[in-house]
Amino acid sequence: MPFYLGVMSGTSLDGLDIALIDQGESTRLVATRYLPMPQALHDDLLALCASGPDELARAAIAEQQWVQLAAQGINELLAEHGITANQVRAIGSHGQTVRHEPAHGFTIQIGNPALLVELTGISVISDFRRRDVAAGGQGAPLVPAFHQALFARANSTCAVLNIGGFSNLSLLEPGRPVHGFDCGPGNVLLDTWIQRHQGLSYDKEGQWAASGTVQEQLLQTLLSDPYFHNHGPKSTGRELFNIAWLDQHLQSLPPMAAADVQATLLELTAVSITDALKAAQQNTDTLLVCGGGARNHALMQRLAQLLPDSQVGSTDEQGVPADWVEAMAFAWLAHCCLEGIPGNRPSVTGARGLRVLGAIYPA
């Protein structure tokens with residue numbers, strides 16, 4: 001059976017996830033590797049998410065560094081497991097999103113696939129999102145087709161929730177095309193707030209959020225954003241939900257403790273997800289959570305409280321490690337590209353039809 005590699009670097013900018021899969025009649029995770037994002041590269045990539053001077057040159061330099069990191073991880077992973085480059089059919093490289101504005105007809109992921117081919121000797125499939133956007137779609141989320149392949153059951157209504165920097169849902173209901181959308185912020189505001197106030201990269205297990213008290217006025221102000229009332233297709237990113245957006249809302253309210261803001265941001269993530277799920281898919285039997293948010297104990301506990309009639313757990317319980325689902329998805333999308341299988345779902349993105357996604361850089 002052929003091997004494929006998936007490389008994923010999400011909006012949280014914490015690092016690169018690399019997954020090696022064996023793709024036959026089913027998808028099997030073979031090996032993984034995680035590389036923390038160097039702080040200088042993290043800062044450069046984050047700066048590219050907003051307008052600034054000399055962006056083209058800065059983006060070109062940053063993507064070279066990103067690719068060098070990815071190639072290092074790929075080569076180390078293969079060497080560790082005794083797999084040669086010619087045993088891997090392709091790398092599905094998502095790249096790093098620096099802008100996502102489908103309303104203006106574009107989404108930008110940087111990641112120099114030509115250089116990645118040269119550094120690994122393996123064919124690379126990249127640029128997965130732009131074909132869907134060109135066809136009138138949101139270009140995101142793209143994982144629902146993979147979630148459907150892995151988790152759909154003929155007799156059960158299921159939802160798969162990925163919580164990275166942002167959260168997205170895949171709705172798997174028997175007899176209905178897969179549906180899905182970005183719910184809103186996942187970890188992005190939680191991470192940014194704790195970085196500002198405690199110098200930590202993330203709130204481990206949601207402990208700081210759990211120490212605070214939800215401020216209802218702030219929560220309702222944040223939830224009043226029109227994005228939460230759009231039923232989709234829809235996708236979002238740092239262009240909308242960022243620290244400036246939060247600061248703007250905080251300025252209109254009396255001062256509050258930093259821990260209370262963190263508690264409210266966790267509640268925002270939980271409520272925006274569960275409200276969206278209830279509106280889009282009634283009677284969900286099971287909610288399977290993947291991504292970094294699956295490790296946030298306080299957030300998982302709150303999701304379970306808000307969905308008392310659903311079984312809430314991580315994809316770990318289905319034999320698919322929660323930390324690696326998205327990297328696996330891009331390995332799977334590389335397989336789909338080479339086999340001519342459409343990777344988007346118009347019921348999710350709003351595209352005019354099914355499209356084969358990705359650009360091929362042969363080894």
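The crossing of H8 and H10 is right-handed (the near helix is turned clockwise from the far one by less than a right angle; anticlockwise is left-handed). The contact is made by Leu-218, Leu-219, Leu-222 and Leu-223 of H8 and by Val-261, Thr-264, Leu-265, Glu-267, Leu-268, Val-271 and Ser-272 of H10 (contact means heavy atoms within 4.5 Å). By class, these residues are 8 nonpolar, 2 polar and 1 charged. Here Ala, Val, Leu, Ile, Met, Phe, Trp, Tyr, Cys and Pro count as nonpolar, Asp, Glu, Lys and Arg as charged, and the others, Gly among them, as polar. The axes of H8 (residues 216-223) and H10 come within 10 Å and cross at roughly 45 degrees. H8 is therefore oblique to H10. Angles under 35 degrees count as roughly parallel, over 145 as roughly antiparallel, 65 to 115 as roughly perpendicular, and the rest as oblique. Axes are lines fitted to C-alpha atoms, for helices over the stretch in contact, and angles run from 0 to 180 degrees between N-to-C directions. Helices (H or I, at least four residues) and strands (E, at least two) are DSSP runs, numbered from the N terminus.

The model is predicted: local features need pLDDT of at least 70, side-chain atom pairs count only at pLDDT 80 or more, and totals for chains, interfaces and linings use all residues. Residues are numbered from 1 along each chain as its sequence is written, and side-chain values use heavy atoms, with hydrogens and water left out.

H10 (residues 258-280) also packs against H11 (residues 297-306), at an angle of about 35 degrees and with the axes 10 Å apart. H10 passes H11 in a right-handed crossing. On the H10 side, the contact includes Leu-266, Ala-270 and Ile-273. Ala-298, Leu-299, Arg-302, Leu-303 and Leu-306 meet them from H11. The contact divides into 8 nonpolar, 2 polar and 3 charged residues.

The pair H1 (residues 39-47) and H2 (residues 55-80) crosses at roughly 140 degrees, with axes that come within 10 Å. H1 and H2 are therefore oblique to each other. H1 passes H2 in a left-handed crossing. Leu-41, Asp-44, Leu-45 and Ala-47 in H1 meet Arg-58, Ala-62, Gln-65 and Trp-66 in H2. This contact has 5 nonpolar, 1 polar and 2 charged residues.

The largest nonpolar core has 80 residues. Such a core is a set of buried Ala, Val, Leu, Ile, Met, Phe, Trp, Tyr and Cys residues joined through side-chain atoms within 4.5 Å. Buried means under 20% relative accessible area, exposed over 50%, and partly exposed in between (1.4 Å probe, protein chains only). Leu-161, Leu-265, Leu-268 and Leu-303 are among the residues with the most contacts inside this core. H12 supplies its largest share, 11 residues. Leu-268 touches Pro-185, Leu-189, Leu-219, Leu-222, Leu-223, Phe-228 and Trp-245, not counting residues up to four places away in sequence. Apart from this core lies another, of 32 residues, among them Phe-3, Ile-18, Leu-48 and Ile-74.

In H6 (residues 188-198), the buried residues are Val-188, Leu-189, Leu-190, Asp-191, Trp-193 and Ile-194. Their cover includes S8, S9, H7, H9 and H10. Just after H6, Gly-199 takes a positive phi of about 70 degrees.

Ile-125 lies in strand S6 (residues 124-126). At 0% relative accessibility, Ile-125 counts as buried. Its C-alpha atom is separated by 9.0 Å from that of His-335, 210 residues apart along the chain. Thr-315, in the loop between S11 and H12, also counts as buried, at 0% relative accessibility.
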